[in-house]
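Hello,

Here is the structure you are taking over. Please open it first, then read my notes below.

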Amino acid sequence: MASHKKRLIIPIFIPFGGCSWRCVFCNQREITGASMPSEGDILRTVKSHLATWRGRGRREIAFYGGTFTALPWDIQERYLKTVYPFVKAGTIDGIRVSTRPDCISWDGVSALREYGVEVIEIGVQSMVDEVLSRSQRGHGSEDTVRAVRIVKESSMEVGLQIMPGLPGDTEETIILTAKRCAGLKPHFVRIYPTMVIRDTQLYEMYRRGEYTPWGLDDMVRVLRKVVGIFKEGGIPVIRLGLQPTDSLLSSMVAGPYHPSLRDLIDSPPTKKTLTPERLTG
């Protein structure tokens, strides 16, 4: 499989696209600052990135922010037909999509492969069913096991995304999630500590005192162990923390945010890091 070093990833955001669930933590419009793109939007984004790319690494188009495989097939196909000519021309090496564990099927994955999709990222969030239930995810940990098997047996790369700090999470459940994910042997992992975002159910839970966000110090301490689990399994952690955007930063209320989370985790432990319990009031 291709290395994740020196890749050009061209992000196409489809916030909430295809997703019939509203998990307690989610406000994709604020996280991505985007709305559903048109074919013209996609073409402009791809051409703009390619025009400024000077590297020689792998070039991919990535549909992020929604549940791509839960979109109606005519919309999936329309988006894929928009970008597949770049793959056929050799200017793009492959396509990746993001989805949920319960929205992956053999037929669906097979159809994606016909249009150059080589990587599927799965929003696992947790491998503990109680945490998934309290977060209103609408799927269980066994759905993730099944989804990973389908993707890997289809000779595609699979990446897992986890969200430590969800309602009901403890150090033990976070470690258990990491161990269970590592046991599935994904090709890579992204880790996004749970943040309280305005206009989400989690925000209302936080205001009512029903949810206490993790502090930065405790999250960093636990994530050092989590990263160690993946490192021991030879699984790259390609992202630690949400990408800061103006929209996200203005919407975050509380949680273990730091703009250089990986640096904190990779640095030797100190007595204290720095978390404000409330970010924007």
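L8 sits opposite R59 of strand β2. That pair belongs to a parallel pairing: strand β1 (residues 8–13) is joined to β2 by six bridges. Please keep in mind that this is a predicted model.

On to the next strand. β2 also pairs with strand β3 (residues 94–99), again in the parallel sense, over four bridges. Here F63 has V97 of β3 as its bridge partner. Helix α3 (residues 73–89) comes into this part too: β2, α3 and β3 form a β-α-β unit, and the unit is right-handed.

Is β2 largely enclosed or left open? Five of its six residues (59–64) are buried, so the rest of the structure largely encloses this strand.

Now the cysteines. How many disulfides does a search of the whole structure find? The search finds zero. A disulfide is a covalent bond between the sulfur atoms of two cysteines. C181 is buried, with a relative accessible area of 0%. C103 is partly exposed, at 24%.

Last, confidence. The mean pLDDT of the protein is 88. Of its residues, 87% reach 70 or more. Which elements have the lowest and the highest mean pLDDT? Helix α1 (residues 28–32) has the lowest, at 46. Helix α7 (residues 171–183) has the highest, at 98.

Best wishes

Note on methods: Residues numbered from 1 in each chain as written. Predicted model: local features only at pLDDT ≥ 70, side-chain atom pairs only at ≥ 80, totals over all residues. Heavy atoms only, no water. Buried < 20%, exposed > 50% of the residue type's maximum accessible area, 1.4 Å probe, protein only. Helix = DSSP H or I, 4+ residues; strand = E, 2+ residues; numbered from the N terminus. Pairing = 2+ DSSP bridges. Right-handed = clockwise from strand over helix to strand, strands pointing away. pLDDT = per-residue confidence, 0-100. Disulfide = S-S within 2.5 Å.
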